[in-house]
Amino acid sequence: MTQLDGIVKPKTRRSKRFLESRAPKLIEDVKNTMIMKGGNASQTVTTALKDIYSLRKPNAVLYKKKNITRPFEDSTSLEFFSKKSDCSLFLFGSHNKKRPHNFIFGRMFDFHVLDMFELGIEKFISLSQIKTSKFPEGTKPMLIFAGEVFDTDNEYKRLKSLLIDFFRGPTVPAVRLAGLEHVLHFTALEGKIYMRSYRCLLKKSGCRTPRIELEEIGPSFDFVMRRTHLASDDLYKLAHRQPKALKPKKKKNISHDVFGTSFGRVHMQKQDLSKLKTRKMKGLRKRKGEVVNEDQVPKVAKVES
């Protein structure tokens with residue numbers, strides 16, 4: 001590939017296909033996640049990163065080598081790896097005396113850091129510690145958020161948006177009932193964030209709707225929020241902007257309620273019921289030379305408009 005005036009021109013068909021796959025699209029591909037550890041990482045952080053990777057497979061890349069970088073001081077290394085692996089989400093794990101068992105969740109916009117949240121691990125239970133059957137790889141999880149701060153506090157609102165981006169998986173038009181197997185529950189309470197992972201079991205209930213039971217399968221985290229890096233409101237708004245081709249066209253006189261039900265409004269002119277044409281019956285036709293008695297003809301009631 002050659003580069004002239006900032007424009008990369010491919011020399012081969014392979015490089016042309018590569019550039020086309022990285023080019024902007026109306027409907028973007030599934031967001032990939034890169035998972036890496038810093039220069040110092042404890043056994044807890046290493047195991048936790050592998051468990052998060054198992055939740056994100058196959059849309060994740062796990063770097064096994066150590067990367068000596070500090071995202072809050074210098075994010076150029078993360079931006080380089082993001083562009084190299086085409087990942088817009090990242091998880092960085094580290095450990096030191098000042099911030100033990102540390103996680104940094106973040107996301108990119110145009111291969112530059114948009115948001116970052118530093119969460120400390122206070123309690124961790126891995127997937128291997130809970131001896132139960134797991135869900136298949138690539139299962140799309142159901143996300144549940146509990147806690148008022150997720151709707152009131154600005155930092156927790158951004159964190160909720162980031163976690164939805166991180167764990168939502170691919171966008172699908174429909175989901176079958178048997179495919180609802182995995183539940184991720186996030187609870188914000190008294191300055192801590194509790195993450196629990198459950199397997200959804202469908203039991204017989206004696207009727208068409210099955211009885212649902214939740215079985216904890218891990219991993220389980222107790223987080224405490226440490227540092228945050230939030231994008232400005234203008235940049236955050238720019239990152240959420242959609243192309244005009246994807247915006248749904250407004251239809252006149254159609255509204256929707258909170259449940260998604262559509263309501264239509266029809267505008268009609270004032271009707272003159274005196275000119276209303278009713279159905280003609282053969283038995284009421286007037287024959288030639290026959291006088292019709294007015295009492296035998298049914299009268300049409302006149303409705304006031």
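F145 and F150 are both buried in this predicted model. Their rings form an edge-to-face aromatic pair. F105 and F166 are buried as well.

Across the whole structure, a search finds 14 aromatic pairs. For F105 and F166, the planes stand at 80°, so this pair counts as edge-to-face. The two residues come from separate elements: F105 belongs to strand 6 (residues 102-109), while F166 belongs to helix 5 (residues 154-167). The pair therefore ties together parts that are 61 residues apart in sequence. The table gives the geometry of the two pairs.

| Pair | Centre to centre | Angle between planes |
|---|---|---|
| F105 and F166 | 5.2 Å | 80° |
| F145 and F150 | 5.3 Å | 80° |

F105, F166, F145 and F150 belong to one aromatic cluster.

R56 lies over the face of F166, at 5.8 Å from the ring centre. F166 thus has two kinds of partner to follow: in the aromatic pair, the ring of F105 because their centres are 5.2 Å apart, and over its face, R56. At another ring, that of F72, the charged end of R227 sits 4.4 Å from the centre.

The surface has its own feature. L177, L202, I212 and L214 make up a nonpolar patch there. Together they have about 380 Å² of accessible area. L202 is part of strand 10 (residues 192-203). Is L202 buried or partly exposed? Its relative accessibility is 39%, so L202 counts as partly exposed.

Conventions:
Residues are numbered from 1 along each chain as its sequence is written. This is a predicted model: local features need pLDDT of at least 70, side-chain atom pairs count only at pLDDT 80 or more; totals for chains, interfaces and linings use all residues. Side-chain values use heavy atoms; hydrogens and water are left out. Patches are made of residues with over 30% relative accessible area and no salt bridge: like charges are joined within 9 Å, nonpolar side chains (Val, Leu, Ile, Met, Phe, Trp, Tyr) within 5 Å. Accessible areas come from the Shrake-Rupley method with a 1.4 Å probe; for residues, only the protein chains shown count as cover. A salt bridge is a side-chain nitrogen of Lys or Arg within 4 Å of a carboxyl oxygen of Asp or Glu. Helices (H or I, at least four residues) and strands (E, at least two) are DSSP runs, numbered from the N terminus. Buried means under 20% relative accessible area, exposed over 50%, partly exposed in between (1.4 Å probe, protein chains only). Rings of Phe, Tyr and Trp (its six-membered ring) pair if their centres lie within 6.5 Å; planes under 30 degrees apart count as stacked, over 60 as edge-to-face and the rest as tilted. A charge sits over a ring if NZ of Lys or CZ of Arg is within 6 Å of the ring centre and within 35 degrees of the ring normal.
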